Structures are given as structure tokens and as C-alpha cells.
Amino acid sequence: MADHYEVLGVSKDASLDEIKKAYRRLARELHPDVNPGEEASERFKLVTHAYDVLSDPDQRARYDMGGTDSPFGGAGGFGGFNDIFETFFGAAGGGGGRAGRPRSRRERGQDALVRVTLELGDVVFGVHRDIEVDTAVLCDTCQGSCCQPGTTPVTCDICHGTGHVQRQVRSLLGNVLTNQPCNVCQGYGTTIPYPCATCQGQGRVRARRTVSLDIPAGVETGLRLQLPGSGEVGPAGGPNGDLYIEVNVTPHEVFSRDGDDLLATLEVSMPDAILGTTTTIQSLDGPVELEIRPGVQAGDVLTIKGRGITPLRGTQRGDLRVGVHVVTPTRLDGKERALIEDFAKRTKAPPPRLSEFHQGLFAKLRDRFRG
């Protein structure tokens, strides 16, 4: 059996690029469509087989160690049904497509993910944002053709544009013709002799661009919004992937969220809790008047309708629910203390007594919020 390195005319320490260049030179010279002679045909088979072995790192390693380069594996054993199938009929897909159908350079681009941080106020009504995205965009120089301006891809002179070549393989069933992706054009059916210098023949470059985004009301942390066709452009100007916007809502110092409702705590002085009052509080969308009825208790929840969050898929806003926290004075002067003592005598309040246990005011508020 002829030595594969001698067949290709390269040294045993030749690089993969050197092996590819030697194969392409010999394939153009010996291909049956160029040189129909029987001697050239036999040499072409030897050249192709030698290239198949030496271009595969595993097969080359086995060959250099004196092992077999049979497609059925070492020592005459079988490498598995898939190996046999691919040897006889060619890899299913294999990047080269089916016989007669070359592979397309144009592919769909990858999806992109961008994270956006919002404040709670943005969630109430929605917000418009212009966000910067760093993705692959269409090359302005070649417009996705991958070629230098004024040039075009040329038909591969080995596979004649089919993207595949037929090879004869000796097997237990005899000589079998197989269809394999063309090693010269990589299955595309065409080669690019003058790649675009801007994009290095990819048809796309990386760039920063601005995407205008209307974020709807009602979004919450972890939610992803999908913008079809706003992701990366594909190789050779292929269709864009999708852009996903992941939302993160920062905590607010006053308000918290419970579904479509907003929660807050209102500190009320003891006199106002006893006598009642009307006050103005600042909600996320402006001032709102709130009435505190006489005798309000710590832990009571006051509800302001329609001052919560607009739901993601709806129009009716939630409520603003305010839990009351009665503030007991800790420092009294003599006159204030005398007034409180006189008040206690007049009301004849019952002495302290045991009641239902609560883990502090906020646990009581939580129970009432949820109730």
C-alpha cells in the first residue's frame, strides 16, 4: 500500500494547511472531469483517500503508529453501524447537504440577551428606553456577499457547484460510491477568491447599535421580553436572530409590590389615631389624599383604589394598600404627662391583658395585607 505522505508529496511533519494545499493542487490536476485517463483516475482515488486519513487527527495518529486506516476501525473490527452507514452513503447532513444540493452560506443569526434595570415607578405605567446592543450587524462594505466589492463567488472547480463529490470505497459489499462534502469548497459549491477585507469574508461585523424599546407596565424581575428579528445578523447576511430583554426591578425605599398592588406603611401619631385626620401622601404617580378615621388601630390597612400597578396584560390598575403604624411618644414633659394621666383616669381603660400573639407589627400587617 502506497504511503499517504508520498501520495500527497508532503513530509511526515507537514501541517494541516500544507496537506490541504497539496490535496487541492493534486485534485485539480487529477479529477476525472479534468483528466479522464484511467491512470489519473486511480491516482485521484489514492490522493483522496490519503487526504481523508491525514486530514483527520485521529486517523492520522493511528496511521503514524502503524495502525490501519480502514473505515471499519482497527484490526479489521467494525466501528459501529453509524460508521458503516456513513462510509457507504455519506454522513446524514454532514454540513454538506444532500447530493446535488450545496450548503448555503447564509444562516440565521444567534439570539442576543440584554439586561435592563428599572425602577418601581417605571413598572406602574411602562417606560420607553433606548438601549445599546453589541451584536453582529451586516457588513456595509460587501452587504453580506462576503466578497470584495466588484467580485463574486466562483463555482468550485472540483465539485462543479454541487457541494459534494463522489468517492469509491472498498467494503465487504464491494466497491460502493458515496457522496461526501467537497473538501475544497466545504460543501458550499462555490469558493470566494477575494474575501471582503472588512468582514474577513463573513458578511457581518460586530458593532454597537441602538434599539428603541417600549417596556410595558406590569413587568417584574426575571421577565424576558422578546423582540423578533432584532438579534444578531447571520453569516453571509442571513436573517437576524431574536433579541431578549431581561428585566430587573430595583427595590423601592417606601413601596413594595404584591402582584398588582403596592404596599406601604403609614406612621400615625397617637392623637391622630384617636381623633382621626386627613393627610396627603405621595404615591408613585403623584399626591393622593388619605382619610384616617378616628380610632384607627395599629395594623389596620387603608386602601386607595386604582393607585397600584397596571397589569402586564390588562388595563385596570391595582390598589395602594397602606398599613397603619401608630407611633407612641417616648419622651413627655410634665404637662404632657399630666394630660395623658388625666386622659387615662377619665377613660378608665382596662389593664393590659393577654391577646393573640403576633410577631411584631409587620407580621400583623402582612397577615392583614394577605387577608
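Start by selecting alanine 236, which sits in the loop between strand 8 (224–227) and strand 9 (243–249). Strands (E, at least two residues) and helices (H or I, at least four) are DSSP runs, numbered from the N terminus. Before going on, note that you are looking at a predicted model, in which local features need pLDDT of at least 70, side-chain atom pairs count only at pLDDT 80 or more, and totals for chains, interfaces and linings use all residues. Residues are numbered from 1 along each chain as its sequence is written, and side-chain values use heavy atoms, with hydrogens and water left out.

Most residues other than glycine have a negative phi. Is alanine 236 buried or exposed? With a relative accessible area of 8%, alanine 236 is buried. Buried means under 20% relative accessible area, exposed over 50%, and partly exposed in between (1.4 Å probe, protein chains only).

Now select glutamine 186, in the loop between strand 5 (174–181) and strand 6 (190–191). Glutamine 186 also has a positive phi, near 60°. Its relative accessible area is 41%, so glutamine 186 is partly exposed.

**A threonine in a strand**

Next, pick threonine 135 in strand 2 (residues 127–138). Threonine 135 counts as buried because its relative accessibility is 1%. What does the side chain of threonine 135 make a polar contact with? Show the side chain of arginine 209, and you will find the polar contact at 3.1 Å. A polar contact is a pair of N or O atoms within 3.5 Å; within protein, one must be able to donate a hydrogen and the other to accept it, and residues adjacent in sequence count only if both atoms are side-chain atoms. Beyond four places in sequence, threonine 135 is in contact (heavy atoms within 4.5 Å) with residues including Ala112, Val205 and Glu232.

Select helix 3 (residues 38–54) and helix 4 (residues 57–64): their axes come within 6 Å and cross at roughly 100°. Axes are lines fitted to C-alpha atoms, for helices over the stretch in contact, and angles run from 0 to 180 degrees between N-to-C directions. Helix 3 and helix 4 are therefore roughly perpendicular (65 to 115 degrees) to each other. Asp52, Val53 and Leu54 of helix 3 meet Gln59, Arg60 and Tyr63 of helix 4 in this contact.

**A stretch to treat with care**

Finally, colour by pLDDT, the predictor's confidence in each residue, from 0 to 100. The protein's mean is 82, but pLDDT stays under 50 over residues 70–98. Where pLDDT is low, the predicted coordinates should not be read in detail.

Methods:
Angles under 35 degrees count as roughly parallel, over 145 as roughly antiparallel, 65 to 115 as roughly perpendicular and the rest as oblique.
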